Structure formats: C-alpha cells, structure tokens
Amino acid sequence: MKILVLVKHVPDTETKVKLAAGGKNLDDSEFKYMVNPYDEFAIEEAVRTQEKLTGESVVVSLGPTRVQEAMRKAMAMGIDRGVWINTDGHGGELDSFCVATALAKVVAEEKPDVVFVGQKAIDDDSAHVGPMLAELCGMPHVQVVTKVEWQDGAQSARVEREVEGGIIEVYDVKSPMVLGAHKSLNEPRFPPLPGIMKAKKKPLAEKKLSDLLSDAPLTTVRNYALPSEKSPGKVFKGEPLPEMVKKVVGLLRSEAKVI
Amino acid sequence: MNILVYAEVRNGKLKSTAGELLTEARRLTGGKTDSIHAVLLGEGCAAHAKTLATYGAGKVFVVEHATTNTYQCEPHIQTISQLIQKNSYKVVLGAASPTGRDFFPRLAARHKSGMLTDVVSVSLDGEKVVVRRPMYAGKCIAEVMSQTPVTFVTIRPNVIPAELLNAAAEASVENFQPNIDAAAVKSKIVEVRKGKSEKPDLTEASLIISGGRAMGNSDNFKILHDLADVVGATVGASRAAVDSGYAPHDMQVGQTGKTVNPNLYIAFGISGSIQHLAGMRTSKIIVAVNTDPDAPIFQKADYGIVADLFQAVPLFKEELKKIVEHS
Ligand SMILES: Cc1cc2nc3c(=O)[nH]c(=O)nc-3n(C[C@H](O)[C@H](O)[C@H](O)COP(=O)(O)OP(=O)(O)OC[C@H]3O[C@@H](n4cnc5c(N)ncnc54)[C@H](O)[C@@H]3O)c2cc1C
C-alpha cells in the first residue's frame with residue numbers, strides 16, 4: 001500500500017500576530033513554527049496504516065527551507081521518505097487552489113492509495129487543500145475523520161466523520177482517497193530517539209514550486225487588520241457571592257441584553 | 001447579478017443559518033429578491049421553501065433525489081453545478097458548517113473558482129467579490145478578493161443577524177431533478193449516527209457555557225449541563241478539560257478545537273490561554289468565573305467574578321431560572 005501524508009508548517013499557537021507594511025502583510029519575523037496540529041494525527045494514521053497493511057509512506061510538504069523540519073518530524077514518527085516542494089524565492093501569493101494544484105502533481109506521480117491530510121490548518125483556518133486536492137485528483141474525500149477501517153486490503157475503507165452536535169456520518173469510500181484527520185482519530189506518538197536519528201538519513205527529494213505551478217491564484221489577500229480590542233470589563237470580587245452573581249446576571253439582561 | 005444560497009437541511013430541519021445567508025444575499029443585491037435563488041436538498045425539504053421566501057429567496061429549487069436525501073458530497077456538488085450552469089450565479093453562498101465546509105471547497109475547485117471560507121462579511125468592489133475573514137483563529141482579519149467570475153463563499157454561522165423580510169411571502173418553487181453520474185460517487189453514506197444532544201453545535205450556538213481544568217472530573221460537568229439546560233445553552237470545554245478526559249473532544253473550544261462566536265460565553269475555571277481565547281474571542285459577551293483574580297481570562301471578560309465555580313454555578317442557575325420564568 002502506498003500512503004501519502006501532507007504536512008504544513010504553521011506558526012505555533014502562541015504566536016502573536018502583528019501587521020507589516022500597514023496591513024499589506026503580516027510581520028512574520030518573530031514567528032516560530034510547528035507541525036500543524038491536525039497533521040500530527042494524519043502522520044500518526046499514516047504510520048499506523050503502514051504498520052498494519054505494509055507498503056510505503058511518503059510525506060509531502062510545500063514551503064520554504066524551514067518546512068524540512070516538519071518533514072523530518074514526520075520521518076522520525078515513522079514515515080519512509082519525503083517530497084519537498086520548495087517555495088523559496090517565490091514572491092507571489094499562493095492561495096489554497098495553487099497549493100492544491102502543485103500537490104496534485106506530486107500525487108499524480110506517486111499514485112498513492114490514500115492521502116492523509118489534517119482536517120484543517122490552524123493558520124489560515126480554511127480547510128481547503130484536502131477537498132480541492134481530492135477534486136483535482138479525481139479521488140473521493142472525507143473530512144474531519146475520526147475512524148478509519150480498511151476493507152479488502154486497501155481497496156476501500158469504512159470511514160467515520162464527525163459533524164455538528166456529535167453526529168457521526170459513516171461512509172464507504174473507494175481507494176484512492178483523501179482523508180482529513182481530526183483530533184480523536186488517534187493519539188500521535190512522540191518521535192522516539194532512534195526514529196529521530198534514522199529520520200536524518202531518510203531520503204528527501206526536492207521539487208521546485210515553479211515547475212509545478214500552473215495557475216494564478218483565484219483569491220488574493222488585499223490587507224490584514226487586527227480585531228478591535230475590547231475595553232476592560234467589570235470584575236467583581238470580595239462581595240457576597242449571591243450578590244455578585246445577581247449583579248452579573250442582571251447586567252447580562254439590562255446592559256448586555258444577551259439573555 | 002444572481003446569487004444562489006445553499007439552505008442546509010439536517011434531520012428534516014432547516015438550519016437557522018438559511019435566514020442569515022439570505023439576509024446577506026439581500027444586502028448584496030440591494031434588496032432585489034428576484035435575483036436570489038435558494039436550493040433545498042433532502043427528503044421532505046419542500047416544507048421549508050416558504051421560510052426561505054420569508055427571508056427573501058425569490059425562487060426556491062427543491063431537490064428530492066435518492067442520492068441527495070442524506071448528505072453526500074458528490075451528489076450535492078453535481079446538483080449545485082447543474083444549477084450553476086443553468087442560471088450563471090455570481091456568488092454561491094453557504095454556511096461554514098461541517099457540511100458546507102465539506103463540499104464547498106471541492107465544488108469551487110470543480111469550477112476553478114475562488115473559494116472563501118468562514119467569512120464574516122461579503123461585499124462587492126466593482127465586479128469583484130471581497131470578503132472579510134478571520135485567520136489565525138481570529139488573531140487577525142483578512143480582506144480577501146476573489147478573481148473569478150463565480151465565487152463560492154461560506155459564511156460563519158451566528159455572525160449576520162437574520163432579518164425576516166416578509167412573513168407572508170409565498171415561495172416560488174421549482175422542483176429540480178438533477179442528473180447524477182453514479183459512477184463518480186466513490187464515497188457513499190452508509191449510516192448517520194445520532195449525536196448525544198439535540199442542542200445546537202458549539203459553532204452555531206448563541207449561548208455557551210464552558211468548563212476548564214478546574215472542573216476536576218467528568219461528573220462535575222453535569223452541573224454545567226444542568227445550568228445550560230435552563231437557558232438552552234451548549235456546553236463547551238477547554239483543552240485541558242478535554243485532555244484530562246473530563247469532556248469529549250467535540251466540546252473543545254480553541255485554536256485546535258472549535259471556533260465559536262455566541263452572544264454569550266460563560267467560562268468557569270478556564271484560565272484564558274492564548275489558544276483558548278483564539279477560539280472564543282469573538283463572542284459578543286464573555287463572562288468569567290475564576291478563583292484567581294490574575295487569570296488572563298479576566299482581561300477579555302466583559303463581566304467577571306472572582307469566586308469558586310462550584311459555589312457560583314448553582315447561583316447562576318437560580319438567577320437564570322428566575323429570568324427564564326419571568327419572560
Ligand atoms: C498546540 C496547542 C494547541 C492548543 N489548543 C487549545 C485549544 O484549542 N483550546 C484550549 O482550550 N486550549 C488549547 N491549548 C492548551 C492551552 O495552552 C491551555 O493549556 C488550556 O487552554 C488550559 O485550559 P484551562 O484554562 O482549563 O486550564 P488551566 O490553565 O489549568 O486553568 C484552570 C483555571 O481554573 C481556575 N480554577 C481552579 N479551581 C477553580 C475553582 N474551584 N473555581 C474557579 N476557578 C478555578 C484556575 O485559577 C485557573 O485559572 C493548546 C495548547 C497547545 C500547545
């Protein structure tokens with residue numbers, strides 16, 4: 001079985017967002033990066049799938065040099081090799097459609113049975129690339145996946161996805177497919193020390209973004225703004241609790257008008 | 001300029017987002033309702049056509065087809081694509097719900113058109129569609145422009161207040177029979193398992209009551225559910241509470257959980273980490289109850305009480321009950 005996993009390197013969740021050039025850009029000079037949290041579930045599922053069904057696993061990532069870190073982490077967790085789409089020197093904007101088209105070319109070359117992705121990236125919060133890639137590759141997709149059971153080897157899978165209010169949709173999906181991993185899919189392992197050592201020597205092929213990019217972006221960011229900060233609220237302390245609660249509930253009704 | 005609104009039906013019920021989407025569509029057409037079409041898919045969905053008309057849908061396509069009665073991505077995409085071919089829309093609007101977010105990006109890719117997800121406002125700049133959308137879990141807001149003749153947009157639930165246009169409006173209904181290419185349906189729904197609660201999902205809830213690590217165990221979450229039941233609120237949790245096993249992960253609010261924006265968010269025993277705040281900072285009103293007067297959550301709260309949550313929760317229940325009973 002051939003397993004692909006797509007990994008994005010995103011600013012870590014502690015990141016404070018600041019604007020640059022009057023809001024034309026974000027100031028990324030102090031950004032620290034991490035593997036997109038949902039991608040860790042995707043990596044773990046890829047590794048477990050390979051452990052169970054054998055075959056080969058490949059991590060694919062698009063971004064500048066630093067994204068190799070994310071790819072090495074995936075390899076340390078057990079992925080066999082990597083394909084890096086190098087965006088260094090690419091000046092223009094990339095929307096999710098551009099990214100999906102570039103990734104689709106790698107998928108077409110690798111011909112996987114399954115592509116695991118994180119159900120969304122926590123930086124742009126779009127959750128576009130999985131479904132778009134699936135469309136471009138003519139594969140079915142399931143997003144927000146909480147359970148995967150392979151059937152007939154790897155011909156198909158029974159896949160559960162979580163929707164609102166804890167409702168679970170269960171699908172039968174034909175391979176090859178794109179699956180967007182959700183948090184409860186598994187418990188990602190910490191990369192073991194021998195894994196970290198081995199990962200350094202695993203093959204990592206490089207491709208140039210410019211060789212894979214065929215389209216101009218379909219959407220472009222005009223500017224960024226910071227959300228308006230709230231003025232400080234009223235904090236009650238030291239009074240008898242029943243009175244404080246009464247006051248707050250009263251204010252919710254009379255002042256805030258939310259109940 | 002024609003707009004198509006995907007009005008979502010789940011379990012036979014029309015989602016409240018339909019009114020929000022139609023209100024925004026009316027703003028875009030300058031109040032012209034003839035150019036606003038809505039589409040309903042699902043068994044018995046025709047019953048909701050009138051509601052859509054009262055919010056301004058000039059025409060309602062009703063689709064009842066074996067493959068679309070229960071949501072499946074591919075048949076939904078084929079159906080809506082056929083409507084787009086027929087009527088050439090400038091904007092196709094849906095809600096940024098789990099369903100909308102599942103098929104809209106794929107639909108947009110099929111049309112090689114701009115996709116803008118989870119937006120909080122839509123406008124036109126000349127011929128181009130421009131939206132505002134939060135990024136980095138709300139730490140900034142991007143203004144994004146679509147470059148294509150058709151644009152696909154999903155709107156964040158609960159942001160745009162739905163405004164009824166005419167309670168007496170009658171729908172102009174057209175039954176639409178899609179042509180479904182069954183061979184392209186490679187992912188088939190086999191079962192939909194009911195959720196634990198009938199309450200709105202966190203992402204759509206207008207009242208949320210959340211508990212953090214201080215809840216101490218899963219049994220204690222019952223007091224939050226009891227309180228929530230008084231006002232029909234949905235219960236949420238911090239990641240610390242979820243990771244400790246006090247609450248299931250679908251209740252997690254935050255950067256790696258759900259992004260919520262209710263009218264009222266009450267946080268009990270939540271410190272207010274940057275990742276938690278990221279998921280709930282757009283709540284209209286935030287109330288925090290915490291024993292630590294220096295907890296960062298108090299800096300974001302509209303109202304705060306420095307107190308033990310276990311003492312405060314029953315008092316909140318009492319006070320809210322009084323209000324519910326008197327209104
Ligand atoms: C990559 C990453 C992603 C993350 N994503 C998320 C996310 O999506 N959502 C999220 O919530 N967190 C997330 N976190 C975790 C986050 O950093 C915090 O650890 C978490 O939010 C803390 O949860 P808490 O406020 O419940 O717990 P704590 O920070 O431990 O706070 C507990 C609070 O309860 C108060 N308290 C104690 N006893 C009582 C009492 N009896 N009555 C009242 N108050 C009391 C304490 O004073 C304290 O302020 C993420 C972290 C990382 C690294």
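A polar contact is a pair of N or O atoms within 3.5 Å. Under that criterion, an N or O atom in the side chain of Ser273(B) lies 2.9 Å from an oxygen atom of the ligand. The structure discussed here is a predicted model.

**Ligand site**

The ligand is situated between chains A and B. It is surrounded by 27 residues, of which the closest are Arg213(B), Ser238(B), Thr256(B), Ser271(B) and Asn290(B).

| Side chain | Distance to a ligand oxygen atom |
|---|---|
| Arg213(B) | 2.5 Å |
| Asn290(B) | 2.7 Å |
| Ser273(B) | 2.9 Å |

Taken alone, the ligand exposes 990 Å², and the protein buries 77% of that area.

**Thr99(B)**

Thr99(B) belongs to helix 4 of chain B, which covers residues 98-110. Is this residue, Thr99(B), buried or exposed? Its relative accessible area is 2%; the limit for a buried residue is under 20%, and Thr99(B) is therefore classed as buried. The side chain of Thr99(B) forms a polar contact of 3.3 Å with the side chain of Glu8(B). Leaving aside residues up to four places away in sequence, Thr99(B) touches Tyr6(B), Glu8(B), Arg10(B) and Tyr71(B), together with Arg161(A) from chain A.

**Domains of chain A**

The domain assignment divides chain A into domain 1, residues 2-212, and domain 2, residues 228-259. Taken over C-alpha atoms, the centres of domain 1 and domain 2 of chain A are separated by 44 Å.

Key:
Residues are numbered from 1 along each chain as its sequence is written. Chains are lettered from A and ligands numbered from 1 in the order in which they are written. This is a predicted model: local features need pLDDT of at least 70, side-chain atom pairs count only at pLDDT 80 or more; totals for chains, interfaces and linings use all residues. Side-chain values use heavy atoms; hydrogens and water are left out. Domain bounds come from an automatic or database domain assignment. Helices (H or I, at least four residues) and strands (E, at least two) are DSSP runs, numbered from the N terminus. Buried means under 20% relative accessible area, exposed over 50%, partly exposed in between (1.4 Å probe, protein chains only). A polar contact is a pair of N or O atoms within 3.5 Å; within protein, one must be able to donate a hydrogen and the other to accept it, and residues adjacent in sequence count only if both atoms are side-chain atoms. Contact means heavy atoms within 4.5 Å. A residue is near a molecule or strand if one of its heavy atoms lies within 4 Å of it. Accessible areas come from the Shrake-Rupley method with a 1.4 Å probe; for residues, only the protein chains shown count as cover.
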